[in-house]
Amino acid sequence: MLVLKNKSTFYNILFFLCIGVSYLNYFELTFMVWTFTFLITIKNTYAKELIKCLFPFIIILLIAIITSFFYESSVYSKIKDFTYLFKPILGILVGYQLLCSYPKEAFKNIIKTGVLIAIIHLLLVVKSIITKGSFIVNDIRQVGGYFSDFEVYVIIILIFYKKFDLEYSLKKRNTLLLIVSFSCFLYLSRTNFIQFIILYLGLKGYLLFTKKAVKIIFISLITVSIAYGSIWYINPKRQGKGLEAFLYKIKIAPIEPFKTRIDKEDWKDFNDNYRSYENITTIK
């Protein structure tokens, strides 16, 4: 009852649940939690900027609804397609309703949620290492998850905490940054690494067309090329131990999306070239 009386704390708990449930990878459960949260936090008015943000997703949803009348499909398929396309709209609305109610606490709430998720992930990693008796990348990712976009955003906020007017001591900021960064690294997700680089360069202003930006981008490309060349020279194997399996994924990354034939019955071929399988399916 005390939690319910403190509306700010109640909203913080709801925000954690909305973020945390997405890590369970159950679409129906995530949609239910988000819908429930939306209904109990709905507002009387919404900012014009929010409507502009939602507009592209609404257009996509409307196009899908209109085209659905020209194709025969089951009621289940229609409901499933609608919920998948409505999910980003629902997510933006839920985030707005929860965080804009207490804007001064918004970024701190995001960081608290990210740190808690990072701690849970680190505990899962420790459990996996103890259970398996060694650091095996595939096993750790299977238990702890394959990526964490949210933690990347938390890392960026902590790095540029002064830009977000966060009044953290340097010691506290560094401690939180270490926890979340270590957790995010252990996902060993190539997408998250790329995501971090793009966000970091963007907030540093290096994505603007300036002489300094061009120089930084050029140096970054050279560094990445040298790093990739080193990995190719080392030639990590698919079933390698420790970080070798992750380096193998990096090695095959440039060619992974471009294969035209995938043997779905061969799990190695299917897993190693899943991006190609997605592209083939999309084209069909």
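**Figure 1. Asn235 in the loop between two helices.** Asn235 lies in the loop that runs between α11 and α12. The structure shown here and in the other views is a predicted model. The phi angle of Asn235 is near 55°, which is a positive value in a residue other than glycine. With a relative accessibility of 32%, Asn235 is classed as partly exposed.

Figure 2. Leu188 is placed in the loop between α9 (170-185) and α10. Its phi angle is near 50°, a positive value in a residue other than glycine. The relative accessible area of Leu188 is 2%, and the residue is therefore counted as buried, since the term applies to values under 20%.

**Figure 3. Asn192 and its contacts.** Asn192 is found in helix α10. The residue is buried, its relative accessible area being 3%. When residues up to four places away in sequence are not counted, Asn192 touches Phe147, Ser148, Asp149, Val152 and Cys184.

**Figure 4. The second largest pocket and its lining.** This pocket holds about 550 Å³ of space. Its lining is made up of 18 residues, of which Phe193, Ile194, Ile197, Val224 and Ile250 are the closest to the pocket centre. The most is given by α11, with eight residues. By class, the lining of the second largest pocket consists of 15 nonpolar residues, two polar residues and one charged residue.

**Figure 5. The largest cavity.** The count of cavities of 30 Å³ or more comes to one. The largest cavity has a volume of about 50 Å³. Its lining is formed by Ser8, Tyr11, Asn12, Leu98, Leu99, Tyr102, Glu105, Ala106 and Asn109. At least two lining residues come from each of the helices α2 (7-22), α5 (75-99) and α6 (106-132). Helix α2 gives the most to this lining, with three residues. In the lining of the largest cavity, five residues are nonpolar, three are polar and one is charged.

Figure 6. A disulfide is a covalent bond between the sulfur atoms of two cysteines. Cys18 is buried, at 4% relative accessibility, whereas Cys53 is partly exposed, at 39%.

**Figure 7. Ile40 in helix α3.** Ile40 has its place in helix α3, which comprises residues 27-40. At 39% relative accessibility, Ile40 counts as partly exposed. Leaving aside neighbours within four places in sequence, Ile40 is in contact with Phe10 and Leu14. Tyr200 stands 160 residues apart from Ile40 along the chain, and the C-alpha atoms of these two residues are separated by 35 Å.

**Figure 8. The whole chain as the setting of the close-up views.** The chain has 14 helices and zero strands. Its C-alpha atoms fill a box of roughly 60 × 60 × 50 Å, taken along the principal axes. Of the 284 residues, 33% count as buried. Among contacts in the chain with a separation of 6 or more, 63% are accounted for by residues 24 or more positions apart. The chain exposes about 19100 Å², and carbon and sulfur atoms supply 68% of this area.

How values were computed. Residues numbered from 1 in each chain as written. Predicted model: local features only at pLDDT ≥ 70, side-chain atom pairs only at ≥ 80, totals over all residues. Heavy atoms only, no water. 1 Å grid on protein atoms, 1.4 Å probe; cavity = no way out; pocket = protein on both sides within 12 Å on 5 of 7 lines; lining within 4 Å. Points joined across faces, edges and corners; volume = space filled by probe spheres on them. Helix = DSSP H or I, 4+ residues; strand = E, 2+ residues; numbered from the N terminus. Nonpolar A, V, L, I, M, F, W, Y, C, P; charged D, E, K, R; others polar. Buried < 20%, exposed > 50% of the residue type's maximum accessible area, 1.4 Å probe, protein only. Contact = heavy atoms within 4.5 Å. Areas by Shrake-Rupley, 256 points an atom, 1.4 Å probe, with all protein chains shown as cover.
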